[in-house]
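Hi,

Here is the structure I promised to pass on. Have a look first, and then read my notes below.

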Amino acid sequence: MRASQIFVPTLKETPAEAELISHQLLLRGGFIRRLASGLYTWMPLGLRVLRKVERVVREEMDRSGAQELLMPLVQPAELWQESGRWEQYGPELLRLRDRHNRDFCLGPTHEEVISDLVRREIHSYRQLPVNFYQIQTKFRDEIRPRFGLMRGREFIMKDAYSFHMDHASLEITYQTMYEAYQRVFTRLGLNFRAVEADNGAIGGKRSHEFHVLADSGEDAIVSCHHCAYAANMEKAQSRPEPAGTEAPLPAGQVQTPGIRTVAEQAEHLGISAANIVKTVLVVADGKIVMLLLRGDDELNLIKAGHALDAQNVQLASPEEAISATGAPLGFIGPKDLRLPIPIMADHRALGVANFSTGANAAELHWINLNWDRDLPRPEAADLRNVRAGDGCPHCATGTLSIRRGIEVGHVFQLGELYSKSMGITVLDETGRDTPVTMGCYGIGVSRVVAAAVEQHFDDRGITWPVALAPFEVGIVAINARKSPEVAAAAQALHDRLEAQGYSVLLDDRDERPGVQFATMDLIGLPHRIVVSDKVLAQGVWEYRARRATENVLLDETQLMNHLCKEHPRG
RNA sequence: CGGGGCGUAGCGCAGCUUGGUAGCGCGCCUGCUUUGGGAGCAGGAUGUCGUAGGUUCGAAUCCUAUCGCCCCGACCA
């Protein structure tokens, strides 16, 4: 491909709308253009990158035995009403009506459609297991689309759905998908981590997220630097700590005027936050519940939802707090409640001796309380966010660290959720109707493009991994208009490389060398070859890898060997 | 949904406080020169100042409404 034949509108200046480096560089490099909030056009160069991702995903899905199909973006409301998600999904589901006044939605995901297909078409255990996938546009009417491709409203996703007679079969496919995802992200040249994830209210046995590691990531992921343990924040646990062995001190109450926060309380009392048990009131499915945490810990609402077996957990409002306990926020505690409120404590809160907590009266706190002696131990659960430095729950010596990640993949065991709500059954060996077990597996194809840039850029532009680059090799013909020899040599080299199977972009534009170099660097092709009179006179090519800083002079054989080494084929 | 910010040429911005009919840089077009890291000189084109209404002799500027875009928050008692 010659640069004069492909539309690559690069920008010297960064558009004001772009905050994230990937967003900036994809706009500047002419890969994407914004149409409206969360909606992007894939320009010719960007589309080439997107197709690269799709190709790798498709190859690995096919290799793992999944079958590709393509389902509609527009989906009838009836299916969503049947699964219950027409009501549950909320405003993220973009609903629309057709001319006959029938309700539809734009598919944010395709469990309903695939479930409908499978229950119509698959009737026997002999037809299972089966795994269908598609690479298709999704629409989610996000509260706040942001960061360009990272959180768009319309995006491209590979979604797969598997169906099984039993959990053992699901487990096999799940593992197969997990391994396929490992291969996909490895082949794409991304630094990623698979982490244990929370299944949410859906339940099911297992779930893993695949995160590309990047400081700009929206998710916190936890990993042990000693063993293989890794989990996302909602799921991560830490090694239990031995309870304190301090001798109990006499309990008492202390005036704490104007003290609202744990930090203020610790300072006022001259103790550490770890010696405070803080009380968080939440409303779990409409009911007030008191949660206790060590003062230096943070509540994780998702974990609270699990512990309480509640769909919806929110912090209580100041008014709800007063009406439930008689005390304002900041002075609430588990001892001597005037109304019975269910109490649940994080494990670590139960390990604190001689702790301070609210006394259920304005401007009053307890000090030196001890479990069992002063108040009964409440039910214990895991409620806190782990912190960097916590002990690993899986090995004896490791400690946890927290990094940022961009979620690009998710494998999930759905179990019988949809087969029950939508009645997907098959006949088993004995001729009995049996609900099938389901798994689902997603990759954010368009998000992968942005995530890759977040991980691969420098001050001059993008530094694509070879598997993602829109072209593998860039040829810069210096002053080709002045030198027919350069023009001819560059074109001939381009043709030879393409004949070898490389994708090549030949910069044949009538631009000054500086412009050509700047463009090449910005769009981030992995290999650059410069053709000039100077170089031709020496009978060599001037080569430079995008991620290198020095030029290398190579003869044709050396060049071909080098490229071959970088791009193993077959 | 709450809070904040911004809409002026294709892009980045100034002008607005103090109303007088729009400007800078980049890009674009023409010519000449230049040619190894986003060139120089000369000439040129491009704006319903987001939209609608109002105030005024006069509005990019003041007022009202509205649309769009961006950022932050929605997490601690």
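How many residues surround RNA strand B, and which are the closest? The count is 49, and L299, L329, N479, D521 and S532 are the closest; a residue is near a strand if one of its heavy atoms lies within 4 Å of it.

Before the rest, some ground rules. This is a predicted model, in which local features need pLDDT of at least 70 and side-chain atom pairs count only at pLDDT 80 or more, while totals for chains, interfaces and linings use all residues. Residues are numbered from 1 along each chain as its sequence is written, chains are lettered from A and ligands numbered from 1 in the order in which they are written, and side-chain values use heavy atoms, with hydrogens and water left out.

**Around the RNA**

Of the atoms of RNA strand B within 4 Å of the protein, 46% belong to sugar or phosphate, and the rest belong to bases. K12 has a polar side-chain atom 2.3 Å from a sugar or linking oxygen of RNA strand B.

Elements that give two or more residues to the surface near RNA strand B include β1 (32–36), β29 (527–531) and β30 (541–545). Helices (H or I, at least four residues) and strands (E, at least two) are DSSP runs, numbered from the N terminus. Helix α13 gives the most to this surface, with 8 residues. By class, the surface has 21 nonpolar, 11 polar and 17 charged residues. (Ala, Val, Leu, Ile, Met, Phe, Trp, Tyr, Cys and Pro count as nonpolar, Asp, Glu, Lys and Arg as charged, and the others, Gly among them, as polar.)

**Helices that meet**

Helix α11 (residues 445–455) packs with helix α2 (residues 44–63) at an angle of about 115 degrees, their axes 9 Å apart. Axes are lines fitted to C-alpha atoms, for helices over the stretch in contact, and angles run from 0 to 180 degrees between N-to-C directions. That makes α2 and α11 roughly perpendicular, since angles under 35 degrees count as roughly parallel, over 145 as roughly antiparallel, 65 to 115 as roughly perpendicular and the rest as oblique.

Helix α11 also meets α1 (residues 21–28): their axes come within 8 Å and cross at roughly 105 degrees, so α1 and α11 are roughly perpendicular too. Here I21, S22, L25 and L26 of α1 touch V449, A450, V453 and E454 of α11, where contact means heavy atoms within 4.5 Å. This contact has 6 nonpolar, 1 polar and 1 charged residues.

Further along, α12 (residues 484–499) and α15 (residues 556–566) pack at about 40 degrees with axes 12 Å apart, and are therefore oblique to each other. L493, R496 and L497 in α12 meet E556, L559, M560 and L563 in α15. That contact has 5 nonpolar, no polar and 2 charged residues.

Most residues other than glycine have a negative phi, and most peptide bonds are trans. L128 and P129 are joined by a cis peptide bond, with omega about 0 degrees; P129 is in the loop between α5 (111–121) and β7 (130–139). D285, in the loop between β14 and β15 (287–294), has a positive phi near 45 degrees.

Notes: Polar contact = N/O pair within 3.5 Å; in protein donor to acceptor, adjacent residues only side chain to side chain.
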